[in-house]
Amino acid sequence: MVLFKLPTLVGTLACAASLVAAIDISVSSTGGNATNGHQYGFLHEDINNSGDGGLYAELIRNRAFQISERYPATLDGWHSVDGAKLLLKNLSEPLSDVLITSLNVAATNKQGQVGFRNDGYWGINVKARQKYTGSFWVKGNYSGKFTASLQSNITGETFGSVKVKSRATSDEWVEHDFELTPSKNAPNANNTFAITFDASSVGNGSLDFNLISLFPPTYKGRKNGMRVDIAEALEGFHPTLFRIPGGNMLEGLTNRTWWDWKNTLGPLKDRPGFTGVWGYQQTNGLGLYEYLQFAEDLGTTVVLAVYDGLSLNGDITPEDQLQKFIDGALDQIEFVRGPVDSKWGSVRAELGHPEPWKLEYVEVGNEDWLSGAPEGWDTFKEYRFPKFLSAINEAYPDIQVISSGSNYDGYNIPKPAGGDYHVYAEPDTLVSEFNKFDNITTPHIVGEMAAIHPNGGTGWDGPQQPFPWWGGAVGEAVSLIGYERNSDRIIGAAYAPIIRNMNRWQWAITMIQFTADTVTRSTSWYVWELFAAHTLTDTLPATSDFDPLYYVAGKNANTGGYIFKAAVYNSTDGADVPVKLSFEGIKAGTTGELTILTGPENPYGINSPYTGVNVVKTSKTTIKSDKKGTFQFALPNLSVAVLDTSPPKYRRWNRAVE
Ligand code: AHR
């Protein structure tokens, strides 16, 4: 069984360093390649309640009692207040064509306040002086006021409440908006949101409610937007590539229930919800528009996946029925980047974004080599991909179309398309793939990647590690360096899946974990952050002497800096690796900032969401090149490092990592 070699204690590392010959690396100033410029990113889909109950900031769980064949309407998350009777009803006049089930609240007492409350997504984070924005729809006769409040689920203490004057009538559904600003911080997230009303002022003994929504302030203040702390953790690793909307979510469980972007647009009352593929009903609240807005706010390039007629159950669309999906994909692209006077560009404009978004990359399907194999993959190669490719490139010749499988999945991808390679693996495997893309000519994304299994484990069939761990992050670093060395053809890599709700999840390893009021940045986050913070505009040719030191060198033409990114994986006897690094043209006395990340003594050490302790140590030093213009330093075993000679003020992300 191959395990990480035990790392040497810091005290002995220095001695070992002096005994080992230095690795000499010379970097030429010319002859490299321009990079794609967006090397580090992530995939988001709603897995692990990372959309509803996660990145999407809605606080109310099961806000519209949405249904699908697989997930019938339930009262999940809802409770009665002061004896009110709660009943789900399908009224003859529903709130909308797609939100057909509503909540009937009957006042069994004739006097006093009655109502209902919601648990949120495993709690609600209540903060004093923070404005919560809410709304609910009501039908029925009520002449009094509603009270909306945030309360402790343990003590019943109210942290904030607001009265909302009723405009309800029995003739139609009426929306009620409110703002609620708590005067007290809740001591923990075990809180609920309640709506109550005066039983004596209800006409027919009951009221009907639907689409009950509450948002805290969102990232960049977007309506229907993202949760600030999770969005900031994503922003914080400086992603430049954002792959949406999945993943298995795009494919859907069947070819009647795939993630249809058209169902995700516009007013929330017109969004039917989605039969999620990860074991729960989704709201469709985090829709295509919200994804694109978020990408714009993060400043990332988008890889937009379009449904291509294959679903997870192996449903394959026959050739004579494929055109509707091709047309749907063309409409989707037009929605994203079409002019404002085009059919779908005008819909985008009506929703609030007249300016077309930039869209350079469109991926056809997701992992078409997997579902319904071998027919799924055969039909992809025979007719599905070729038809999408020619239709998209005919309408948009500048778009880089990407096949959902790679050259390594047995597909000689037709030009000018690119491929998508996914790797979830042991760190040793990620290290062994360092050279994987050295000779490939077809452009590729690495659309999903992460270290998920321990070295020497039982691989894909074995359990994932419980959390990202330091040795896994170093393995990722080696693969990332391999991708970046080829970044004229490797468009970028996406960590996947990116976030995990600690209360309900299906996939353990994610870069970020969260609860209703915490966010944890894993060991991998620190590695990706460091590499992404130092953008190469060009790779530069360098001496190749890899193992145990893996590296890429280049420059940033905007800052004038030379950059060296490296990782040490399993050095001999765990010794430090001395490095002599010279860049052609660098003079004696040039300064560079050397950042070294090291982990805990145990390579399986994690950043635990339970303790909040960060096991990644960051050391930053300014070093000078010697008389010959050479930088000399030593890197510990299982470390990840960047040397950057850019003047600090020109670095894109020149900020300390907390
Ligand atoms: O990232 C989790 C899943 O892994 C994705 O949905 C799918 O594309 C892959 O198999």
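Predicted model: local features only at pLDDT ≥ 70, side-chain atom pairs only at ≥ 80, totals over all residues.
Next, select Asn366 and Glu367. An N or O atom in the side chain of Asn366 is 3.0 Å from an oxygen atom of the ligand, while a polar side-chain atom of Glu367 is 2.8 Å from a ligand oxygen atom.

Now widen the selection to the residues around the ligand. Besides Asn248, Asn366 and Glu367, these are Glu45, Gly247, Trp278, Tyr424, Glu448, Pro497 and Trp507. Coloured by class, this shell shows four nonpolar, three polar and three charged residues.

Then move out to the whole chain and colour it by domain. The assignment places residues 10–34 and 537–657 in domain 1, residues 39–58 and 221–532 in domain 2, and residues 78–215 in domain 3. Taken over C-alpha atoms, the centres of domain 1 and domain 2 are separated by 30 Å.

Display the interface of these two domains. Here 38 residues of domain 1 are in contact with 38 residues of domain 2. About 3200 Å² is buried between domain 1 and domain 2, and carbon and sulfur atoms give 70% of this area. The polar contacts across the interface of domain 1 and domain 2 comprise 10 residue pairs, both residues at pLDDT 80 or more.

Finally, which side chains meet Lys565 in a salt bridge? Select Glu484: its side chain and that of Lys565 form the bridge, at 3.0 Å from N to O. Between domain 1 and domain 2, the count is one salt bridge.

Notes. Residues numbered from 1 in each chain as written. Heavy atoms only, no water. Near = heavy atom within 4 Å. Polar contact = N/O pair within 3.5 Å; in protein donor to acceptor, adjacent residues only side chain to side chain. Nonpolar A, V, L, I, M, F, W, Y, C, P; charged D, E, K, R; others polar. Domains from an automatic or database assignment. Contact = heavy atoms within 4.5 Å. Buried area = accessible area lost by both parts, 1.4 Å probe. Salt bridge = Lys/Arg side-chain N within 4 Å of Asp/Glu carboxyl O.
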